[in-house]
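Q: Can you walk me through this one? I'd like to start with the charged contacts and then move on to other things.

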Amino acid sequence: MLFCSQYLRTRKLGDIGQAIPFHRQGVVVTPEAHRFQTLHLGELAKNLALQFEHTGRFGDLEEAIMHFHKASNATPDSDPDKAVLLFNLGKLHRKRFEHLGQLGSIAKSVTFLRQAVRLIPDDHPNKVRYLESLGASLWIRFGRTGALED
């Protein structure tokens, strides 16, 4: 988390590059059922997504999606972090759609963002951000399919 925080201040790609191996190690050494496993998976995914934003390496995006997916599957709906994981997963599937143009990716984006919106409390300060992101994915899907339900 330290290198990610440092990156957010400096915007130096090297900070993310230093963080990723530490988070990979955290995933490896933490038992799957341990409560910190989802934290390590989420941090690894977040750093890979940031690296993708810098480098455009599609493998980083795919790996980030995989780790966010594992983390969200291991997190119960009652955990407040579940909405954040689903939100990030939805945003990354939209990025994937933007690069590949596959309707399945934007459909997954809509699905995950709907789940995130459902889980985040109505009075949460990020609720509007979640709704805006869902709206953006719905708008993109409508542009491709013309389906009025979007």
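A: A definition to begin with: a salt bridge here is a side-chain nitrogen of Lys or Arg within 4 Å of a carboxyl oxygen of Asp or Glu. Keep in mind that this is a predicted model.

Q: OK. How many salt bridges does a search of the whole structure find?

A: It finds eight salt bridges. One of them pairs D77 with R118, with the closest N and O atoms 4.0 Å apart.

Q: Where do D77 and R118 lie?

A: D77 is in the loop between α4 and α5, while R118 is in helix α6 (residues 103-119), so the pair ties together parts that are 41 residues apart in sequence.

Q: And are they buried or exposed?

A: D77 counts as partly exposed, at 42% relative accessibility. R118 counts as exposed, at 55%.

Q: Tell me about K82, then. Where is it, and what does it touch?

A: K82 sits in helix α5. Leaving aside residues up to four places away in sequence, K82 touches S72, T75, P76, D77 and L119. K82 is buried, with a relative accessible area of 11%; the cut-off for buried is under 20%.

Q: What about K46 and E43?

A: Their side chains meet in a salt bridge, 3.3 Å from N to O. K46 and E43 are three residues apart in helix α3, which means that about one helical turn separates them.

Q: Why does that spacing matter for which way residues point?

A: An α-helix has 3.6 residues a turn, so residues three or four places apart point the same way.

Q: Buried or exposed, those two?

A: E43 is buried, with a relative accessible area of 10%, whereas K46 counts as partly exposed at 33%.

Q: Staying on α3: what else in it is buried?

A: The buried residues of α3 include Q37, L41, G42, L44 and A45. Also among them are N47, L48, A49, L50, Q51 and F52.

Q: What span should α3 have, and what does the model give?

A: Helix α3 (residues 37-55) has 19 residues, so at 1.5 Å a residue it should span 27 Å. Its end C-alpha atoms are 27 Å apart, which agrees. Just after α3, G56 takes a positive phi of about 75 degrees.

Q: Switching topic. How many aromatic pairs are there?

A: The structure holds two aromatic pairs. In one, the ring centres of F87 and Y130 are 4.2 Å apart and the planes are at 5 degrees, so the pair is stacked. F87 belongs to helix α5 (residues 81-100) and Y130 to helix α7 (residues 127-145), so the pair ties together parts that are 43 residues apart in sequence. Both F87 and Y130 are buried.

Q: And the W139 and F142 pair, how is that arranged?

A: W139 and F142 are tilted, at 5.8 Å centre to centre with 35 degrees between the planes. They are three residues apart in helix α7, so about one helical turn separates them. W139 is exposed, with a relative accessible area of 63%, and F142 counts as partly exposed at 27%.

Definitions and conventions: Residues are numbered from 1 along each chain as its sequence is written. This is a predicted model: local features need pLDDT of at least 70, side-chain atom pairs count only at pLDDT 80 or more; totals for chains, interfaces and linings use all residues. Side-chain values use heavy atoms; hydrogens and water are left out. Helices (H or I, at least four residues) and strands (E, at least two) are DSSP runs, numbered from the N terminus. The expected span of a helix is 1.5 Å times one less than its number of residues. Buried means under 20% relative accessible area, exposed over 50%, partly exposed in between (1.4 Å probe, protein chains only). Rings of Phe, Tyr and Trp (its six-membered ring) pair if their centres lie within 6.5 Å; planes under 30 degrees apart count as stacked, over 60 as edge-to-face and the rest as tilted. Contact means heavy atoms within 4.5 Å.
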